[in-house]
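Biologist: Hi, I have this one open on my screen. Could you walk me through it?

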Amino acid sequence: MKLLDIIKKRRSIRKYRDEQIPKEHLETIIEAGLCAPNAGGRQGTVIVGIHDKDLAETVGKLNLARFDRSRLEGNYVSKEQPSIIDNPNIKSGFYGAPSVCIVFAPKHFLYSIPDAFCAAENMVLQATELGISSCIIARGEETFDNDCGERLLKAWGVPPNYIARCFVILGYLDGEPPQAKPVDPNRSKIVE
């Protein structure tokens, strides 16, 4: 499959079956993230993969614990794949995905957020090629800002000057894939 076909096939999935992905696929997805561009070639991102549904659920609840709905712009994402924006009854920011990758980057480095999201994009594209559903989740900065989160970071050996910038949740789609939204042709321009 050509890269543009994979890009067009990828969807943000928020409904997962109770079926774990193979560990080898998780390793391949992490490798894709580690190969992403980093500002200055510094390879500053660190990725922690969770291949344990219960632990992923625990971290997903931490991710949503301090979520501030007042910071949202708009209030609807998808009927087919509802988000926490659509449904305030959702209790985990990871939507029941059995695996998750956490992308950490240096807390005070100017380009740590773009670096992390470049890694996340590589990961969701690799997941798509492997037939694994995914979604990039934000709200990393406040997820581990608590006693439980601090214990997890220490256990995982995350450097103290690093912060979670985003997550890539992974699993198998429960139901039918959502339809692609039409691309607005007015969002680009070539100037000569």
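This is a predicted model: local features need pLDDT of at least 70, side-chain atom pairs count only at pLDDT 80 or more; totals for chains, interfaces and linings use all residues.

Biologist: Which residues of α2 are buried?

Modeller: Those are L26, I29, I30, A32 and G33. They span an arc of only 155 degrees around the axis, so they lie on the same side of α2.

Biologist: And how far apart are the end C-alpha atoms of α2?

Modeller: They are 17 Å apart. Helix α2 covers residues 23–34, and at 1.5 Å a residue its 12 residues should span 16 Å, which agrees.

Biologist: Good. On to the sheet: what is the order of the strands?

Modeller: The order is β1-β2-β4-β3, in an open sheet of four strands with antiparallel pairing. β1 (46–50) and β3 (133–137) are at the edges with a single partner strand each, so one side of each has no neighbour in the sheet. From one strand to the next, the twist averages 20 degrees.

Biologist: What packs on the sheet?

Modeller: Helix α4, residues 112–129, does, and α4 touches β1, β2, β3 and β4. The direction of α4 makes about 15 degrees with that of β4, which is residues 162–171.

Biologist: How many bridges join each pair of strands, starting with β1 and β2?

Modeller: β1 and β2 are joined by five bridges, and V46 has F104 of β2 as its bridge partner. Between β2 and β4 there are eight bridges, with F104 opposite A164 and S99 opposite L170. β3 and β4 are joined by five, and there I137 stands opposite F167.

Biologist: Remind me, what holds strands of a sheet together?

Modeller: Strands pair through backbone hydrogen bonds, either parallel or antiparallel. Here, the pairing is antiparallel.

Biologist: Is β2 buried or exposed?

Modeller: Buried: eight of the eight residues of β2 are, so the rest of the structure largely encloses that strand. For β4 the count is 10 of the 10 residues, so β4 is largely enclosed too.

Biologist: Which residues have the most contacts inside the largest nonpolar core?

Modeller: F104, F144, F167 and I169 do, in a core of 27 residues. At least two residues of this core come from each of β1, α3 (53–65), β2, β3, α6 (147–156) and β4. There is also a second, separate core of 19 residues, with A36, A119, V124 and A127 among them.

Biologist: Let me follow up on F144. What is F144 in contact with?

Modeller: Setting aside neighbours within four places in sequence, the partners of F144 include V59, I102, F104, A164 and F167. Also among them are G149, E150, L152, L153 and W156.

Biologist: Changing topic, where is I21 found?

Modeller: I21 is in the loop between α1 (3–9) and α2. With a relative accessible area of 2%, I21 is buried.

Biologist: What is I21 in contact with?

Modeller: Beyond neighbours within four places in sequence, I21 contacts L26, H51, S99, I132, L170, G171 and Y172. I21 and S99 are 78 residues apart in sequence, and their C-alpha atoms are 7.3 Å apart in space. Two of those contacts, S99 and L170, stand opposite each other, with L170 in β4.

Biologist: Last topic, the backbone. What is phi of Q43?

Modeller: Phi of Q43 is near 50 degrees, a positive value in a residue other than glycine. Y95 has a positive phi as well, about 55 degrees, and is not a glycine.

Biologist: Where are Q43 and Y95 found?

Modeller: Q43 is in the loop between α2 and β1, and Y95 is in the loop between α3 and β2.

Biologist: Is Q43 buried or exposed, and how about Y95?

Modeller: Q43 is exposed, since its relative accessible area is 65% and exposed means over 50%. Y95 counts as buried at 12% relative accessibility, because the cut-off for buried is under 20%.

Biologist: Great, thanks for the tour!

Key: Residues are numbered from 1 along each chain as its sequence is written. Side-chain values use heavy atoms; hydrogens and water are left out. Two strands pair if DSSP finds at least two bridges between them. Axes are lines fitted to C-alpha atoms, for helices over the stretch in contact, and angles run from 0 to 180 degrees between N-to-C directions. Contact means heavy atoms within 4.5 Å. The expected span of a helix is 1.5 Å times one less than its number of residues. Buried means under 20% relative accessible area, exposed over 50%, partly exposed in between (1.4 Å probe, protein chains only). The arc is that of the directions from the helix axis to the C-beta atoms. A nonpolar core is a set of buried Ala, Val, Leu, Ile, Met, Phe, Trp, Tyr and Cys residues joined through side-chain atoms within 4.5 Å.
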